Every structure is written in structure tokens, then in C-alpha cells.
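Here are my notes on this model, jotted down as I went through it. Have the viewer open while you read.

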Amino acid sequence: MTETVRRAAVLGGNRIPFARSNGAYATASNAEMLTAALDGLVARFGLEGERVGEVAGGAVLKHSRDFNLVREAVLSTRLAPETPAIDLQQACGTGLQAINYIANKIKLGQIDSGIGGGVDTTSDAPIAIGEKLRKKLIQLNNARTAKDRLAVLATIRPGDIGLAIPSNGEPRTRLSMGEHQALTALEWQITREAQDQLAVTSHHNLAASYDEGWQDDLVTPFRGLERDNNLRPDSSLEKLAKLKPVFGKGEAATMTAANSTPLTDGASAVLLGSEEWAAEHGLEPLAYFVDSELAAVDFVHGAEGLLMAPAYAVPRMLERNGLTLGDFDFYEIHEAFASQVLSTLAAWESPVFCKERLGLDAPLGSIDRAKLNVKGSSLAAGHPFAATGGRIVANAAKLLAAKGGGRALISVCAAGGQGVVAILER
Ligand SMILES: CC(=O)SCCNC(=O)CCNC(=O)[C@H](O)C(C)(C)COP(=O)(O)OP(=O)(O)OC[C@H]1O[C@@H](n2cnc3c(N)ncnc32)[C@H](O)[C@@H]1OP(=O)(O)O
């Protein structure tokens, strides 16, 4: 048996423009959007007929028919049909975890190339029938004779007919993610103005990136859309100040539709490979996927805010890699809500949080805000849950390639009190 540890190169990414829910992609399925993102990647990197080592991805919201979503999408692309695929899911961390999974397999020598990504649609949400009716329909399906079937049908009552509609609420607290984050924003005293400023900067950065052509080799048009349609280049503090709060009550009511991510549809994919595989295919590594870390917090008993897990994952990953928070050229922090980003940054600056909750002698530190989400992030682009990781990794790798070297820190908070973070380096 050979034991190999080698570098996993990020070779590039592709995504479809992200679309606000129930808009441009209202009739597109997860499979269709993921296929489009993958096939765009195939076209961009000349992978027609290629048997890639493995494709990993997933969706947070899935219909039961999508149990093998990624493999089905692969079969609809121009990749070789012999390309294996896996579905995985870790809420909003799905895309980044899929890329981490592929990178680890490449590092261990199990595969030479792979694709990680994800897709989500809240337009085509899987609404299931209620539990009572579902059980009776299973009985009906198993009934052998017409008499048995009639007997089951006779038991169905109007009260059995209910729907199970997915929500973005936490099952254990029954609070939505926005309501959870409103409490965290209050705890960290994050002002409405600071949140709005982060949102405005995100829109301006993303708009500038499209205008300068930065997104040309990251985004492939789909269904008539060329840019993310949540993007509002004319966002301003004055306009955002007029919006009514949508989450939290009283002094916790600082979050609006603009400083929260919108419900969004979209898909992304990132190509990774060993250095040998990249060279054989004439591809230049943009950056290397160095490390990743995962943390979870106890939000159920109120010990920590729902979306604060990245605040714990980053210090662990920094320590393992002998790095400090200042050792990065780019910070890609998923903007689930502006206040999530700002609460995380405030926590790293807090001597009390860093000592009592992270066990550090000194604060983790501050980041140079000019290096944060420099090409915009989820507040402007939107956040199709499982597709966000791929958008971020592809963008960060391209940033490092354009700079000619350096390090990027990636942070993604996720439902269930979890957080996935990673380091890219060139
Ligand atoms: C781990 C994680 O990532 S957690 C995050 C998971 N995601 C979520 O929880 C999704 C959270 N988001 C939501 O639930 C919804 O998008 C909400 C509740 C915030 C907003 O929903 P809606 O009210 O439908 O938003 P809508 O798009 O209508 O915007 C409301 C208003 O704000 C305005 N607005 C929004 N953004 C901007 C902007 N940048 N500039 C100016 N106006 C804006 C809209 O134009 C609209 O104004 P109007 O009512 O005059 O038309």
C-alpha cells in the first residue's frame, strides 16, 4: 500500500448567475442547475469525455427523487459517464465540504482530479404530504387486493391531509436563522449602520467585479441571466436606512432585507487536481486547498449564537497551521447576514471571548477590512445554500492567482450551529 500526501490544486470554478427565489429560475430544478454549472466547467476546462476522479456535491433542499442528485447531474453532462459522484450535505457548509472532500482524496492519492460544488433552489422547494396521509398511502401501495385497497382508502380522513413545508427555522428552537442572528447581533452590539455599510460595500464590490470582467471566467449565463439578479449597484446607506427591520424585536431589530441574504437559486462547481494531473491537462493551479476545519456550537441551550461556529473553527485551524489571523491577503467570509460577519470579527477582537470561550491568552486579532470580500459576497450575489462554498473557493483561488501568491481565509457559517472554514494558498 502506498501512503501519499500531495497538494490539491484548485484549477478553477464555474457557476451560473444566482437568481432571487421565484424569479428567473422559478421552473429550474436542482438537477438542471447543477448540470449547467458542471457543464460550464467542462466547457471551460476542456473536460469533454474526461473521466474525472469523483464529483462531490449536494443540495440542502432536495426532493426525494433527487437522492442521487450529483450522479444524475453528471450523467447529463459531457463528462464521461464513468465519472463517479457522491451526494453530501452540511447545510450552508455543503459546497465547501464537498470541495474539502475532493481535496482530501487528491492529497491522499485516492483520486487525481475531482469536482466539488453544490446547488439549491428555494423556488422548487420539496413540499411533502403530511405524515398521516403518507403512512396511509404506503399502506395503500402495499395492499394486495382491491378489497384491501378500499379498506385503506376508507380510513383516510380530511384531517390526514396536511403538508410538510420546509422552513429555514431551527427545529430545536423554532427560531429562524434571522431571528437567531438578531439575538447574536444584539449580544455583540452590532449597529444597523455597520450592517448596512457592509451590505452596500458587498453590492459595490460585486458590481465593480462584473464591470471589470472579473466574473467572465467564473460565471456562465443561464436562462437569460448574465449577472446575479439580486445585485443592486445603486445600493446606498440612505436607501438601506429606509428599510424596515425583518428579524428581531425592540433593540434587536437591526436586520433588514438588504443586510440579510435573500432566498436564492443557483449552482456552482470547482475543479481540483493533483499537480501532475493539472500539468498533464495543461492547466495552471490557481491556488492550493491547504486545510479545512469544522466546529459546532451549543446554540440550543443558549451557550453560543447559532451562526458563531466559524469563530471557533478559525483559531483551531490557524493554530494547526502555525498562522495568525493577520497572515492572510484575502478574507472570504460568507455574508449569511451582515451582522454574522461583524459578530464574528467582533468576537475575534474581544479579549473576554478569546480568553473565556477560545482559551486564548490574547485576542485573535483584527483583520484589514480592505481585504474582506473584495469582489462582493452573499449579500449582493445571493445565497443558494449549497452553492455558496463553490462561489467562494473559485473566487478566492482566482484572487490568489491574480496577486501571484498569498493566502486566503474562507469562513462559512451553517444551520445547526456549525461552521466550515478553510485556507487556500499560492
Ligand atoms: C448559514 C446561513 O447562511 S443562514 C442564512 C440563510 N438564509 C436565510 O435565512 C434567508 C433570509 N432571508 C429572508 O428570509 C428574506 O430574504 C427576507 C425576509 C430577509 C426578506 O424577504 P422579502 O421581504 O421578500 O425581501 P424583498 O426582496 O421583498 O425586499 C424587501 C424590500 O427591501 C428592498 N431592498 C432589498 N435590498 C435592497 C437594497 N440593497 N437596496 C435597496 N432596497 C433593497 C426591496 O426592494 C424591497 O423593497 P419594496 O418592499 O419597496 O419592494
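1. Ground rules first. This is a predicted model, in which local features need pLDDT of at least 70 and side-chain atom pairs count only at pLDDT 80 or more, while totals for chains, interfaces and linings use all residues. Residues are numbered from 1 along each chain as its sequence is written, and side-chain values use heavy atoms, with hydrogens and water left out.

2. The site. An unreviewed UniProt entry annotates C92, H383 and C413 as "active site"; such positions are given in the numbering used here, feature names are shortened, and annotations may be inferred rather than shown by experiment. The three are spread over 322 residues of sequence, yet they cluster in space, with a largest C-alpha distance of 11.9 Å.

3. H383. Look in the loop between α13 (378–381) and α14 (388–403); helices (H or I, at least four residues) and strands (E, at least two) are DSSP runs numbered from the N terminus. H383 has a relative accessible area of 4%, so it is buried (under 20% relative accessible area; exposed is over 50%, partly exposed in between, with a 1.4 Å probe and protein chains only). Beyond four places in sequence, its contacts (heavy atoms within 4.5 Å) include C92, T261 and H334.

4. C413. This one sits in strand β11 (residues 407–414) and is buried too, at 2% relative accessibility. Among its contacts beyond four places in sequence are C92, H334 and Q340.

5. Strand β5 (residues 113–120). Here 8 of 8 residues are buried. In a regular strand the side chains alternate between the two faces of the sheet. In β5 both faces are covered: S113, I115, G117 and V119 are buried on one side, and G114, G116, G118 and D120 on the other.

6. Its partners. Strands pair here if DSSP finds at least two bridges between them. β5 runs parallel to β3 (residues 54–57) over 3 bridges, with V55 bridging to I115. With β8 (residues 264–273) the pairing is antiparallel over 8 bridges, and G116 stands opposite V270.

7. Helix α1 (residues 30–45). Its 16 residues reach 23 Å from first C-alpha to last, close to the expected 22 Å (1.5 Å times one less than the number of residues). Its buried residues, including M33, L38 and F45, pack against β1 (9–15), β3, α2 (69–76), β5 and β8. Just after α1, G46 takes a positive phi of about 60 degrees.
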